[in-house]
Amino acid sequence: MKCAVQDGKGRTLVLPAALEWTFSYGVGTPCDSFQVTTLWEGGHQEELRDFCRFTAEEAGERVFTGVVDEYRCVHDGGGIRLELSGRGMAGLLLDNEAQPAEYQRASWDDIRRDHIDPYGIAVAGTPALPAAAGFTVATGSSEWSVLYDFACYHGGVTPRFDRQGRLVLDPWGSVPVRVLDEKVPVTSMEWRQDRYGVVSQVVVWDKKTRRATAVDNPDFQAMGGQCRRVITQSAAVGRSSAAFQIRASQSELYTGTFTVPSLFWIWPGELVRVRRGEWSGETLLRVRQTRVKWGEDGAATEVTVSRPDDMI
């Protein structure tokens with residue numbers, strides 16, 4: 001693993017070989033994160049003061065780009081170690097509060113200009129997101145919540161970051177399908193159903209017409225689910241809000257986790273087809289989170305998956 005840090009002026013410092021590291025990948029919150037431990041030399045702590053970005057490469061491939069949150073120089077019986085930790089580039093959008101605003105008709109260019117570009121975040125490709133009429137940025141909103149609301153709620157696209165630290169705003173589309181069969185060594189597997197918080201019905205109360213409209217979640221209702229929410233909006237807008245709320249509530253209704261005792265590089269959004277006799281859940285799944293680590297105990301990868309069409 002080749003790790004390096006960069007400062008705001010573009011200066012790069014390649015770090016000594018890593019003794020251990022952990023990279024966690026996901027979509028949204030919590031965002032990607034990293035922890036790396038390397039050997040270090042005493043008396044050089046000041047060199048690190050201005051370094052604010054982190055990159056890592058494995059076998060010549062970029063596997064992480066992010067922001068540095070913390071440095072620690074540890075002196076003990078094992079010598080001097082440098083410990084770094086931080087998050088993916090989404091951390092910049094999570095850390096910064098957006099200015100309140102009301103857009104008569106917000107376009108992607110508006111959102112990018114006001115909420116993405118100020119933080120030096122690159123965007124992959126040319127997103128084709130529809131404009132959002134009457135788009136409002138509430139007081140106290142993070143820049144990430146503004147982006148998520150515009151892209152996911154109004155545009156139907158899950159915002160995420162790639163390993164180069166670029167913002168990706170394309171539909172999942174055609175993604176690789178990895179096969180998890182008996183050839184892949186697996187130390188543990190889990191398939192979980194979590195009903196808590198899943199919404200069975202949203203009632204939309206229209207104050208102007210003084211009428212209530214119910215939007216149901218028939219699949220969850222068929223499972224005996226009873227969890228109602230009430231929102232006050234116009235009927236036309238409220239039905240869309242209710243449908244989104246239902247989808248979001250059941251995003252983790254079904255999740256699975258498997259652990260592989262090796263470096264199993266697989267990214268959120270990719271698909272996994274499970275072909276193992278001991279697996280009793282769905283067979284085609286989408287990756288939600290990945291945690292890859294290496295250290296004294298060797299390598300391990302933990303992958304969390306859900307149904308392909310569930311929101312992540």
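## Strands, Helices and the Model

In this report a strand is a DSSP run of E with at least two residues, a helix is a run of H or I with at least four, and both are numbered from the N terminus. The model described here is predicted. The account begins with loop residues, then turns to a sheet and its helix, and ends with the cavities.

## Residues with Positive Phi

A59 is located in the loop that connects strand 5 (51-58) with strand 6 (61-76). Although A59 is not a glycine, its phi is positive, at about 55°. Exposed means a relative accessible area over 50%. A59 has a value of 83% and is therefore exposed.

R210 is another residue of this kind: R210 is not a glycine, yet its phi is positive and near 55°. The loop that holds R210 runs between strand 14 and strand 15. With a relative accessible area of 62%, R210 is likewise exposed.

## A Cis Peptide Bond and a Buried Threonine

The peptide bond between T29 and P30 is cis, with omega at about -5°. P30 belongs to the loop between strand 3 (18-25) and strand 4 (33-39).

T158 is placed in the loop that leads from helix 3 (143-154) to strand 10 (160-161). The term buried applies to residues under 20% relative accessible area. T158 is buried because its relative accessible area is 11%. When residues up to four places away in sequence are set aside, T158 touches V27, C152, V168, W172 and I312. One of these contacts, V27, also belongs to the lining of the largest cavity.

Three strands form an open sheet in the order 15-14-16, and their pairing is mixed. Strand 15 (211-216) and strand 16 (228-232) are the edge strands, each of them pairing on one side only. On average, neighbouring strands in this sheet are turned by 20° against each other, with direction ignored.

Strand 14 comprises residues 201-206 and pairs with strand 16 in the parallel sense, over five bridges. Within this pairing, V203 stands opposite V230 of strand 16. Helix 5, made up of residues 235-249, lies across strand 14, strand 15 and strand 16. The direction of helix 5 is at about 160° to strand 14.

## Two Cavities

Two cavities of 30 Å³ or more are present in the structure.

Around it stand D32, F64, T65, M89, F161, D162, R163 and G165. This lining consists of three nonpolar, two polar and three charged residues.

Definitions and conventions
Residues numbered from 1 in each chain as written. Predicted model: local features only at pLDDT ≥ 70, side-chain atom pairs only at ≥ 80, totals over all residues. Heavy atoms only, no water. Pairing = 2+ DSSP bridges. Axes fitted to C-alpha atoms, helices over the stretch in contact; angles between N-to-C directions. Contact = heavy atoms within 4.5 Å. 1 Å grid on protein atoms, 1.4 Å probe; cavity = no way out; pocket = protein on both sides within 12 Å on 5 of 7 lines; lining within 4 Å. Points joined across faces, edges and corners; volume = space filled by probe spheres on them. Nonpolar A, V, L, I, M, F, W, Y, C, P; charged D, E, K, R; others polar. Buried < 20%, exposed > 50% of the residue type's maximum accessible area, 1.4 Å probe, protein only.
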